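Subject: The structure I promised you

Hi,

Here is the structure for you to look through. Have it open while you read, and my notes follow below.

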Amino acid sequence: MKLKNAVVFITGANRGLGRALAQAALAAGAAKVYAAARDPAGIDLPGVVPVALDVTDAAQVAAAAAQCADVTLLINNAGILEGAPVLADDAIATARRQLETNFFGVWALTQAFAPVLQANGGGAVLNVLSVLSWLTMPGTAGYSASKAAAWALSNGLRAELKAQGTRVTNLHVGYMDTDMTRGLDTPKSAPADVARLALEGVEAGNFEVLADDISRHVKQSLSTPTPAYAG
Ligand SMILES: NC(=O)c1ccc[n+]([C@@H]2O[C@H](COP(=O)([O-])OP(=O)(O)OC[C@H]3O[C@@H](n4cnc5c(N)ncnc54)[C@H](OP(=O)(O)O)[C@@H]3O)[C@@H](O)[C@H]2O)c1
């Protein structure tokens, strides 16, 4: 999968990592970048094609796949984080919302675009996951569950889309300097750096990109007697 001359579709491309991915795709020579957003008027990046898309809206998902029939790389980036203690009254409602966007959204987009990718020679899918696919912290059970579910889904997509020549890459990242982590006083990666690493991973055909030390550390710990998720 080469970025040069690729046609890239990115969800949640109006800000944060999605905007950085759009910028990185253009810099890498993509022929076209569809920047999808709930409010396409909020897209301020020159050179992209805005598309209206809420990933939880089935009609908009179908319309986007029909409208963007030349896509060769789908990037499922849109996501929400709503912290809630597991015993809070609204914890399950909060988790459901995160699953709708972070899990079912990825599924719906990939289902809609898989025939498009196949028709265009196979292409690739990049799914933006998290270090929290493998780790739950106080307040993140709903978010972590959605990212763990998306991890399982992404691995299933890789297995099933192989036959049509579509590669699937998982991106795991810890803290990035975006609106999602505003107010968190901790070292954060620059979204531009993460975007560049992610696209390099797609180009290399890698199944997984670990974008920072915390992701590498947590992944490495999983098969040890003291995995990070054990607390
Ligand atoms: N920031 C981090 O530290 C971090 C770490 C690991 C993984 N991630 C993941 O990285 C991805 C990008 O997050 P970010 O850090 O860039 O956060 P962000 O700045 O909060 O951006 C989130 C993006 O997702 C969009 N979005 C949310 N719900 C949507 C929906 N239903 N339909 C379409 N778009 C929707 C938002 O659009 P609106 O502007 O319309 O709200 C926005 O464009 C997410 O999947 C997130 O889980 C982030």
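Which residues does Thr 166 touch, not counting residues up to four places away in sequence? They are Leu 117, Gly 122, Gly 123, Ala 124, Val 125 and Leu 161, where contact means heavy atoms within 4.5 Å.

Before the rest, a word on where this comes from. This is a predicted model, in which local features need pLDDT of at least 70 and side-chain atom pairs count only at pLDDT 80 or more, while totals for chains, interfaces and linings use all residues. Residues are numbered from 1 along each chain as its sequence is written, and side-chain values use heavy atoms, with hydrogens and water left out.

Back to Thr 166. You'll find Thr 166 in the loop between H4 and strand S6 (167–172); helices (H or I, at least four residues) and strands (E, at least two) are DSSP runs, numbered from the N terminus. Thr 166 is buried because its relative accessibility is 3%, and the cut-offs are under 20% relative accessible area for buried, over 50% for exposed and partly exposed in between (1.4 Å probe, protein chains only). Its side chain makes a polar contact with the side chain of Gln 164 at 2.7 Å. A polar atom of the Thr 166 side chain also lies 2.7 Å from the backbone oxygen of Gly 122. (A polar contact is a pair of N or O atoms within 3.5 Å; within protein, one must be able to donate a hydrogen and the other to accept it, and residues adjacent in sequence count only if both atoms are side-chain atoms.)

Next, Ser 133, which sits in the loop between strand S5 (124–128) and H4. With a relative accessible area of 7%, Ser 133 is buried. Its side chain reaches the backbone oxygen of Lys 147 at 3.0 Å. Among the residues Ser 133 touches, beyond four places in sequence, are Ser 144, His 172 and Trp 151.

Trp 151 itself is in helix H4. Its relative accessibility is 30%, so Trp 151 counts as partly exposed. Trp 151 and Trp 134 are 17 residues apart along the chain, yet their C-alpha atoms are separated by 9.0 Å.

Now for the helix pairs. Helix H3 (residues 91–119) packs with helix H4 (residues 141–161) at about 15°, their axes 7 Å apart. Axes are lines fitted to C-alpha atoms, for helices over the stretch in contact, and angles run from 0 to 180 degrees between N-to-C directions. That angle makes H3 roughly parallel to H4; the classes are under 35 degrees for roughly parallel, over 145 for roughly antiparallel, 65 to 115 for roughly perpendicular and oblique for the rest.

Helix H2 (residues 58–67) also packs with H3, at about 20° and with axes 9 Å apart, so H2 and H3 are roughly parallel to each other. Val 61, Ala 64 and Ala 65 of H2 meet Ala 108, Leu 109, Ala 112, Phe 113 and Val 116 of H3.

What about helix H1 (residues 16–27) and helix H5 (residues 191–204): at what angle do they pack? The angle is about 55°, with the axes 8 Å apart, which makes H1 oblique to H5. On the H1 side, the contact includes Gly 16 and Leu 17, and on the H5 side Pro 191 and Arg 196.
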